[in-house]
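Hi there,

Here is the structure I promised to pass on. Have a look at it first, and my notes follow below.

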Amino acid sequence: MIRSQDELHAPYGGVVPEIAARAHLQSLIPVIERALATADSTWDQIDALAVTRGPGLIGALLVGVNMAQSIGLARGLPVIGVSHLAGHLYAAKLEEPGLRPPALALIVSGGHSDLVRWEEHGAIEVVGRTRDDAAGEAFDKGARILGLPFPGGPAIDRLAEGGDPRSFAFPRPRAPGLDFSFSGVKTSLLYQVRKLGDLTDQQRADLAASYQEAIVDALLQRVEASLAAEPVPTVILGGGVARNRRLRKAAAERLGARVHLIVPAPDLCTDNAAMIGAAALEQWERKGPDLAPFDADPGLGFS
Ligand code: KG4
Ligand code: ZN
């Protein structure tokens with residue numbers, strides 16, 4: 001089960017850190033109780049706890065880590081602290097339990113746009129990252145410019161369905177090497193909207209489709225460039241933006257014949273606890289649980 005806070009943040013057009021932390025505090029115990037009930041399980045059947053220890057907003061992370069360590073102490077259970085980003089990567093293992101590295105993964109969310117080489121368990125190297133906005137942020141900010149509600153990614157995805165992606169020529173967001181940059185395409189959308197003035201429904205849909213196409217094209221271009229330089233047999237997409245229908249379709253068209261492409265089910269792409277469990281399981285098998293209490297780390301990388 002997934003408990004979303006989107007409705008609480010929507011009136012503000014983005015995530016408000018203090019609201020996020022307080023909502024975590026209010027939701028965690030009811031969510032844990034409901035998850036146990038839904039799985040028809042009791043605490044006696046639980047062997048270990050997994051929790052996200054970073055990266056992210058410190059308030060929300062502290063609530064989660066504190067809760068997991070408290071329950072661990074009270075019930076005598078080991079606690080495994082994992083990276084949220086590793087979680088997005090390991091969501092692919094829920095889709096394909098036999099999945100093994102090496103693979104190239106594109107992890108695109110509201111806070112990150114990372115192209116990573118997954119060499120072996122425990123060895124994840126970032127080969128490309130964003131120089132400015134994350135891909136999800138580009139969707140969210142673009143949606144705001146188009147007058148669409150938060151979160152913007154799903155809103156653009158829906159609106160783009162009725163639009164023509166070739167109607168506006170947005171620049172392909174590029175940065176040196178395998179890095180990404182999305183601020184240029186966002187500014188270009190802003191200028192286009194200002195120039196057009198009052199938008200018709202069709203213009204809005206065409207803008208959404210063209211903007212989405214520019215982001216998707218830039219993402220896949222980097223994946224292709226990395227594959228050309230260093231081929232790998234498997235490519236994984238992950239993170240909330242991997243839920244985007246155009247990205248999923250274009251990835252299958254452009255990469256599907258060359259590599260084994262894994263795009264987890266939509267609910268495993270946006271934030272969820274199952275992916276944290278999957279990352280924790282791998283970490284536990286490799287290193288054992290974190291026996292000493294560990295800290296939340298807002299700047300944590302993939303491990
Ligand atoms: O991974 P995630 O659920 O949370 C973070 O770790 O940030 O990703 C959330 C991001 C948001 O920016 C949201 O707009 C974007 O994923 N997103 C989408 C779609 N669904 C969610 N972006 C494009 N198309 C979608 N269908
Ligand atoms: Zn995420």
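How many of the 29 residues of α8 are buried? The count is 21 of the 29, so α8 is largely enclosed by the rest of the structure. Buried here means under 20% relative accessible area, exposed over 50% and partly exposed in between, using a 1.4 Å probe and protein chains only. Helices (H or I, at least four residues) and strands (E, at least two) are DSSP runs, numbered from the N terminus.

Before going on, a word on the background. This is a predicted model, where local features need pLDDT of at least 70 and side-chain atom pairs count only at pLDDT 80 or more, while totals for chains, interfaces and linings use all residues. Residues are numbered from 1 along each chain as its sequence is written, chains are lettered from A and ligands numbered from 1 in the order in which they are written, and side-chain values use heavy atoms, with hydrogens and water left out.

**The zinc site**

The zinc ion (ligand 2) is held by H84 (NE2), H88 (NE2) and D271 (OD), at 2.0 to 2.1 Å. Donors are N, O and S atoms within 2.8 Å of the metal (3.2 Å for Na, K and Ca), and because water is not among the atoms, sites may look incomplete. In sequence, the donor residues follow the spacing H-x3-H-x182-D. H84 and H88 are four residues apart in helix α4 (residues 84-95), so about one helical turn separates them. H84 is buried at 16% relative accessible area, and H88 is buried at 0%.

**Helix α3 and its neighbours**

Helix α3 (residues 58-75) has 18 residues. Its buried residues, among them L61, V65 and A68, pack against α2 (17-38), β1 (49-54) and β2 (79-83). Contact means heavy atoms within 4.5 Å. The axes of α2 and α3 (lines fitted to C-alpha atoms, for helices over the stretch in contact, with angles from 0 to 180 degrees between N-to-C directions) come within 8 Å and cross at roughly 35 degrees. Residues meeting there include L25, L28 and I32 in α2 and V63, M67 and I71 in α3. Just after α3, G76 takes a positive phi of about 65 degrees.

**Back to α8**

Helix α8 (residues 201-229) and helix α9 (residues 245-255) have axes that come within 10 Å and cross at roughly 35 degrees. Among the residues in contact are E213, D217 and L220 in α8, and R246, L247 and R254 in α9.

Happy to talk it over!

Best wishes

Methods
Expected span 1.5 Å × (residues − 1).
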